[in-house]
Amino acid sequence: MTANGIVKKKLPCNTISNVIKCWQWDISPFIENVKQNGTKYAVVILNRPITQKQDFVKCLWNNATVRVTVDGGTTHWNNFYKSLANEDNKNIKLPDLITGDFDSITQDVLQEFKKKGCEAVHTPDQNFTDFTKALIELNNYNEQHKIELDHIVTLGQNSGRIDQILGNIQTLFLVREMHILPPKTNVYIMSDDTVSWLLSPGDHVIYVPQETRTFKRSWCSLVPVGECCDAVTTSGLKWNLNNQPLKFGSLVSTSNTFDRSELVKIKCSHTLLWSMRVPSLTEKQRKKQIDLLS
């Protein structure tokens, strides 16, 4: 584990160029629910339907170091919990923390979890979204319990109101700009079968899961948010960039895909939002079908 990424393997971080900062990313530990010695993560459930596979969500949730539901996300979690078979229902862990201004959760659900011993923190400040405030409270919780997280996986479907989608991206920026979390803690947004996170200026090496790089309809994107990214160089993509700018009104790298390399390497002068598809999060893993499509 490096200070700025999840690393299972030694990845060639300086292949593109020698810059001060280099990040290495491997999301396979939590998408494959593989426990790694010493790796700790939190799961945060936002106020959107839970669309990932039931077995995946159960393992992701139970294996987490800290579990958080945010306002109406508590209701969505309660619905998911009640949809489980009796045996699974009994084995599911309770939220460690429930946060929000509580304008989108019913009092019945809130009181039900309080009676079960869940800690609830009311966050009425309207200057920040419930997502941002949840991460602030999560950091407080970690400090109180002396927990150091490597990453935070947020389940928050990126559909519906565009202002809320942009608000979630804003939270990713605020984590960095306001130092809401320790520098080594990375925040990911999982929406359906997509995982997204910010790439800060510098070099990045991203390990691409095999199912992603071999699936026929996989995709990825590099989107500048808030400002132009003056220079981007990549390798490992079908349509690579060579010291090119990305900005709205000109070129934005959406609907890109992979060249089947194990690694994608990116050098960026300014912050980018990286997203990629992980098919098995919502689809049943059918190895034969993936092999046929590859």
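**A guided tour of the predicted model**

Begin with the largest nonpolar core, which has 51 residues; select W77, W197 and W274, the residues with the most contacts inside this core. Next, colour helix α2, residues 54-63, which gives the most to this core, with 4 residues. A second, separate core of 28 residues can be selected as well, and A42, I169, I189 and L273 are among its members. As a general background, nonpolar side chains tend to be buried together in soluble globular proteins. The model on display is a predicted one.

**W274 and its surroundings**

Centre the view on W274 and show its contacts. Leaving out residues up to four places away in sequence, W274 touches V195, S196, W197, L199, I206, C220, S221, L222, L237, F258, V264 and I266.

**The aromatic rings**

Now display the aromatic side chains. The model holds 7 aromatic pairs. One to select is W61 with W77, a stacked pair whose centres are 3.9 Å apart and whose planes are at 25 degrees to each other. W61 lies in helix α2 and W77 in helix α3, residues 73-83, so the pair ties together parts that are 16 residues apart in sequence. Are these two residues buried or exposed? W61 has 0% relative accessibility and therefore counts as buried; W77, at 1% relative accessibility, counts as buried too.

Move on to W25, F30, Y188 and W197, which ring pairs link into a cluster. Then select F113 and K116: here K116 lies over the face of the F113 ring, at 5.3 Å from the ring centre.

**N62 in helix α2**

Return to helix α2 and select N62, which is found in this helix. Which backbone atom does the side chain of N62 reach? The side chain reaches the backbone oxygen of N91, at 3.2 Å. Apart from neighbours within four places in sequence, the contacts of N62 are R67, N91, I92 and K93.

Select strand β2, residues 41-45, next. This strand is mostly covered, with 5 of its 5 residues buried. Looking along the strand, one finds Y41, V43 and I45 pointing one way and A42 and V44 pointing the other way, all of them buried.

β2 and β6 pair in the parallel sense over 5 bridges, and the bridge partner of Y41 in β6 is H151.

**G73 in helix α3**

For the last stop, select G73, which is found in helix α3. At 0% relative accessibility, G73 counts as buried. Where do its contacts lie, once residues up to four places away in sequence are set aside? G73 touches I45, L46 and N47. Of these, I45 is a residue of β2 that has already been visited. To finish, draw a distance between the C-alpha atoms of G73 and V44: these atoms are separated by 8.7 Å, while the two residues are 29 residues apart along the chain.

How values were computed. Residues are numbered from 1 along each chain as its sequence is written. This is a predicted model: local features need pLDDT of at least 70, side-chain atom pairs count only at pLDDT 80 or more; totals for chains, interfaces and linings use all residues. Side-chain values use heavy atoms; hydrogens and water are left out. A nonpolar core is a set of buried Ala, Val, Leu, Ile, Met, Phe, Trp, Tyr and Cys residues joined through side-chain atoms within 4.5 Å. Buried means under 20% relative accessible area, exposed over 50%, partly exposed in between (1.4 Å probe, protein chains only). Helices (H or I, at least four residues) and strands (E, at least two) are DSSP runs, numbered from the N terminus. Contact means heavy atoms within 4.5 Å. A polar contact is a pair of N or O atoms within 3.5 Å; within protein, one must be able to donate a hydrogen and the other to accept it, and residues adjacent in sequence count only if both atoms are side-chain atoms. Rings of Phe, Tyr and Trp (its six-membered ring) pair if their centres lie within 6.5 Å; planes under 30 degrees apart count as stacked, over 60 as edge-to-face and the rest as tilted. A charge sits over a ring if NZ of Lys or CZ of Arg is within 6 Å of the ring centre and within 35 degrees of the ring normal. Two strands pair if DSSP finds at least two bridges between them.
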